[in-house]
Amino acid sequence: MPLLAIETTCDETAAAVVTRERAVLSSVVASQDALHARWRGVVPEVASRAHVERIIPVIDEALGRAAVGRSDLEAVAVAVRPGLVGSLLVGLAAAKGIAAVRGVPLVGYDHIAAHLYACRLARPDAVRDPCVGLVASGGHTTLFLVRSPLDLVRLGGTIDDAAGEAFDKAASLLGLGYPGGPEIERAAAGGDPRAHRLPRPLANDHDRLDLSFSGLKTALRYLVRPPGAPADSPPPTGRRRADLAASFQRAAVDAILAKVGLALEKTGCRTLLVGGGVTSNRLLRESLEGLGRDRGVTVVIPPRELCTDNAAMGAIAWERLDRGEDDGLDLDVRPGTDRRRSQ
Ligand code: KG4
Ligand code: ZN
């Protein structure tokens with residue numbers, strides 16, 4: 001009998017039905033991008049309210065597409081960390097309600113570990129632990145030593161902005177829409193990545209596995225609007241915008257690549273797992289695959305719909321259910337940050 005997984009950590013309301021054999025019977029994601037676009041970032045209260053409206057229809061849609069009734073469920077899983085507290089609580093309340101009424105186990109899971117678990121769903125035979133794991137999203141940019149699906153040791157990560165946040169801010173500076181990653185990627189397609197010299201902060205620091213994106217963002221800001229230029233000067237357009245987008249994208253990807261390469265060297269791992277919305281970026285995907293080819297490392301990059309937030313990756317909860325674990329109705333959220341060791 002399958003598992004219902006629920007995901008409301010940030011601004012996607014998602015539910016999925018996954019069998020014990022890790023077959024994804026359905027995966028439904030209701031994006032809130034349109035609601036947050038005018039603010040060019042996620043507004044927590046807007047996100048929580050939207051989750052409240054959407055969570056039941058999204059769950060019903062996931063069950064319907066899988067042709068599974070509530071009484072067919074073996075367990076309910078929900079992402080309980082990290083994330084926005086109001087958003088997390090909506091998913092938790094829904095999960096508790098269904099688990100309590102059906103009398104089935106309720107298991108909480110870590111959203112970041114789940115992003116990397118998506119690699120095991122996509123290519124189960126390719127993953128050989130231990131692996132290096134890269135999660136790059138709107139809220140996180142972190143490198144892990146992955147000893148097993150539930151045993152992640154943080155190796156390093158951003159000391160300021162997340163990679164996705166940097167893409168979102170860069171898009172805003174260039175007068176592009178939200179979310180910024182896909183917009184930058186589109187604009188960059190017509191630009192020259194060598195047109196502007198932008199920094200790759202910390203990329204040459206071979207002692208640390210930390211990343212930084214705020215200096216890159218500031219450098220872009222000064223290119224877009226030099227010191228002394230009026231604050232209301234219009235954003236760049238045409239060829240100049242394309243060149244700036246391409247140069248930014250190349251610098252951000254290079255900064256990530258440098259630390260992924262270093263993490264592989266330091267750990268000696270032969271497998272790289274990748275997850276999070278930024279890893280749907282084509283240049284990053286191709287560059288990571290190239291790095292893998294050069295070093296003889298297996299690079300596992302899930303399809304795009306498993307890179308951005310989704311509940312199918314909640315299949316990770318089976319790893320705990322297989323051990324007979326059940327958090328029960330005392331389960332609570334742990335908003336926290338990504339700077340912790342996942343369980
Ligand atoms: O994993 P995700 O869907 O949600 C979070 O957990 O944050 O990641 C969303 C982030 C956004 O910042 C978005 O701009 C970025 O991923 N993103 C991209 C691309 N698609 C989404 N960044 C670069 N290139 C893309 N194609
Ligand atoms: Zn995410």
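Here is a colleague's walk through this predicted model, point by point.

1. **Ground rules.** In this predicted model, local features need pLDDT of at least 70 and side-chain atom pairs count only at pLDDT 80 or more, while totals for chains, interfaces and linings use all residues. Residues are numbered from 1 along each chain as its sequence is written, chains are lettered from A and ligands numbered from 1 in the order in which they are written, and side-chain values use heavy atoms, with hydrogens and water left out.

2. An open sheet of five strands runs in the order E3-E2-E1-E4-E5, with mixed pairing. Strands (E, at least two residues) and helices (H or I, at least four) are DSSP runs, numbered from the N terminus, and two strands pair if DSSP finds at least two bridges between them. Strand E3 (24-31) and E5 are the edges; each has a single partner strand, so one side of each is left without a neighbour in the sheet. From one strand to the next, the twist averages 20°.

3. **Pairings within that sheet.** Strand E2 (residues 12-18) and E3 run antiparallel and are joined by seven bridges; here Thr13 stands opposite Ala30 in E3. Strand E4 (residues 75-81) pairs with E5 in the parallel sense over five bridges, and Ala79 has Tyr109 in E5 as its bridge partner.

4. Is strand E5 (residues 106-110) buried or exposed? Five of its five residues are buried, so E5 is largely enclosed by the rest of the structure. Buried means under 20% relative accessible area, exposed over 50%, and partly exposed in between (1.4 Å probe, protein chains only). Leu106, Gly108 and Asp110 point one way from E5, and Val107 and Tyr109 point the other way.

5. **Helix H3 and Ala95.** H3 lies across strand E1 (3-7), E4 and E5, at about 160° to E4. Such angles run from 0 to 180 degrees between N-to-C directions, with axes fitted to C-alpha atoms, for helices over the stretch in contact (heavy atoms within 4.5 Å). Ala95 is found in this helix (residues 85-102) and is buried at 0% relative accessibility. Leaving aside neighbours within four places in sequence, Ala95 is in contact with Ile6, Val76, Val78 and Leu106.

6. **Arg20.** This residue lies in the loop between E2 and E3 and is partly exposed, with a relative accessible area of 34%. Beyond neighbours within four places in sequence, Arg20 is in contact with Glu74, Trp318 and Asp322. The C-alpha atoms of Arg20 and Glu74 are separated by 9.3 Å, though the two are 54 residues apart along the chain.

7. **The zinc site.** Which protein residues are donors of the zinc ion (ligand 2)? They are His111 (NE2), His115 (NE2) and Asp309 (OD), lying 2.1 to 2.2 Å from the ion. Donors are N, O and S atoms within 2.8 Å of the metal (3.2 Å for Na, K and Ca); water is not among the atoms, so sites may look incomplete. Along the chain the donors follow the spacing H-x3-H-x193-D. This links distant parts of the chain: His111 is in helix H4 (residues 111-122), and Asp309, 198 residues apart from it, is in the loop between helix H10 (304-307) and helix H11 (317-321). His111 is buried at 4% relative accessibility, and Asp309 is buried at 16%.

8. **Zinc geometry.** The angles among the four donor atoms of the zinc ion (ligand 2) span 91 to 154°, and the site is irregular. Four donors count as tetrahedral if all angles lie between 85 and 135 degrees; four count as square planar and six as octahedral if opposite donors are over 155 degrees apart and all others between 65 and 115; anything else is irregular.

9. Another open sheet of five strands has the order E8-E7-E6-E9-E10 and mixed pairing. Strand E8 (151-157) and strand E10 (298-300) are its edges, each pairing on one side only. Strand E6 (residues 131-136) and strand E9 (residues 271-275) pair in the parallel sense over four bridges, with Gly133 partnered by Leu273 in E9. Helix H8 (residues 238-267) lies across E6, strand E7 (141-148), E8 and E9, at about 160° to E6.
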